[in-house]
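Here are some notes to read alongside the model.

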Amino acid sequence: MLVVTMNPRMRSLVVVVGAALFPLFAAAHDFWIEPSTFRPAVGTSVGVSLRVGQQLQGDPLPRIPRLIDRFVLRGRGAETPVAGQPGADPAGTARIAEGGLHWLGYQTHAYPVTLEAKKFEDYLKEEGLESIIARRKALGQSAAPGREQFHRCAKALLWTDGGDTVSSKPLGFTLELVPRKNPYTLRAGASLPLTLLWRGKPVADGLVVAMNRDAPQSAVRARTNAKGEVSLPLARTGLWLVKAVTMGPAPAGADADWESWWASLTFELR
């Protein structure tokens with residue numbers, strides 16, 4: 001079983017380091033869960049690491065309680081919280097009690113960031129958010145800094161022998177990528193069908209991107225249809241990250257003009 005222990009002095013140091021990583025958490029586009037194994041055995045514990053970076057090269061983000069909205073494990077049974085100590089890396093541990101598919105899920109509270117106009121619009125283009133560029137132009141804000149608050153909605157799908165192989169149900173995150181086929185039944189070269197959901201409803205024309213750790217430059221991209229569905233070819237074995245972003249006006253009273261939600265899904269293909 002994986003156990004993370006720290007003395008009070010070390011815990012304080014890690015919390016300080018975690019606070020120092022906040023700008024990176026805000027600036028880097030990609031955020032994902034990287035478990036110690038994607039294929040745990042029944043009765044073992046999985047270390048749940050959080051990564052922030054680009055091209056599947058990331059820095060660790062320790063457990064920062066004030067960021068966490070939900071941090072959970074769900075298999076066939078009841079949802080359970082992922083335990084961990086403030087400042088710890090891995091950010092939590094989860095015990096696998098049964099066979100089958102398991103979701104690890106991490107959703108954050110809002111975190112603010114402001115980018116200069118060009119950087120903001122460049123990132124909107126990169127993430128397929130051209131509609132926000134058009135709205136900023138219509139509002140006369142194209143030259144204004146981008147004031148945004150964002151949420152991370154990261155999931156990892158684990159597989160344990162001894163259970164059914166049907167695809168896992170949604171976790172109910174605000175923005176969520178849900179595979180319509182179990183990726184652990186696929187071979188390299190097959191396509192993975194997914195649905196993109198916003199508050200449980202399909203997202204049409206959302207850009208979904210899949211990249212493999214061994215060839216992140218060969219990412220595949222496609223937009224969802226009217227039912228929020230998309231199918232992406234998985235050319236290689238190894239760790240895959242699938243991601244999507246949605247953005248809209250920030251709620252009244254927020255110290256931001258825009259609010260975004262960033263969904264990610266990781267799994268391992270053999």
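Which residue in strand 7 does I68 stand opposite?

1. **Ground rules.** This is a predicted model, in which local features need pLDDT of at least 70 and side-chain atom pairs count only at pLDDT 80 or more, while totals for chains, interfaces and linings use all residues. Residues are numbered from 1 along each chain as its sequence is written, and side-chain values use heavy atoms, with hydrogens and water left out.

2. **The partners of strand 4.** I68 stands opposite T108 in strand 7. Strand 4 (residues 68–74) and strand 7 (residues 100–108) run antiparallel and are joined by 6 bridges. Strand 4 also pairs with strand 5 (residues 80–81), again in the antiparallel sense, over 2 bridges. There, L73 faces T80, and a hairpin of 5 residues connects the two strands. Strands here are DSSP runs of E with at least two residues, helices are runs of H or I with at least four, and both are numbered from the N terminus; two strands pair if DSSP finds at least two bridges between them.

3. **The chain as a whole.** The protein chain holds 4 helices and 17 strands. Of its 270 residues, 51% are buried (buried means under 20% relative accessible area, exposed over 50%, partly exposed in between, with a 1.4 Å probe and protein chains only). Among contacts with a separation of 6 or more, 68% come from residues 24 or more positions apart; contact means heavy atoms within 4.5 Å.

4. **The core.** The largest nonpolar core has 69 residues, and L104, Y106, L177, V242 and F267 touch the most other members.

5. **Salt bridges across the sequence.** The count comes to 15 salt bridges, each being a side-chain nitrogen of Lys or Arg within 4 Å of a carboxyl oxygen of Asp or Glu. R39 and E268 form one of them, at 3.4 Å from N to O. R39 lies in the loop between strand 1 (30–35) and strand 2 (45–54) and E268 in strand 17 (residues 258–269), so this pair ties together parts that are 229 residues apart in sequence. R39 is partly exposed at 22% relative accessible area, as is E268 at 24%. R39, E268 and R270 are linked in a salt-bridge network.

6. **A buried pair.** K155 and E176 meet in a salt bridge at 2.8 Å, N to O. K155 sits in strand 9 (residues 146–160) and E176 in strand 10 (residues 175–179), 21 residues apart. K155 is buried at 1% relative accessibility, and E176 is buried at 2%.

7. **K243.** This lysine is found in strand 16 (residues 238–249) and counts as buried at 11% relative accessibility. The side chains of K243 and D30 make a polar contact at 2.7 Å (a pair of N or O atoms within 3.5 Å; within protein, one must be able to donate a hydrogen and the other to accept it, and residues adjacent in sequence count only if both atoms are side-chain atoms). K243 and F31 are 212 residues apart in sequence and 9.0 Å apart in space, C-alpha to C-alpha. E127, L177 and M211 are among the other residues in contact with K243.

Technical notes. Core = buried A, V, L, I, M, F, W, Y, C linked by side-chain atoms within 4.5 Å. Lists of a residue's contacts leave out its neighbours within four places in sequence.
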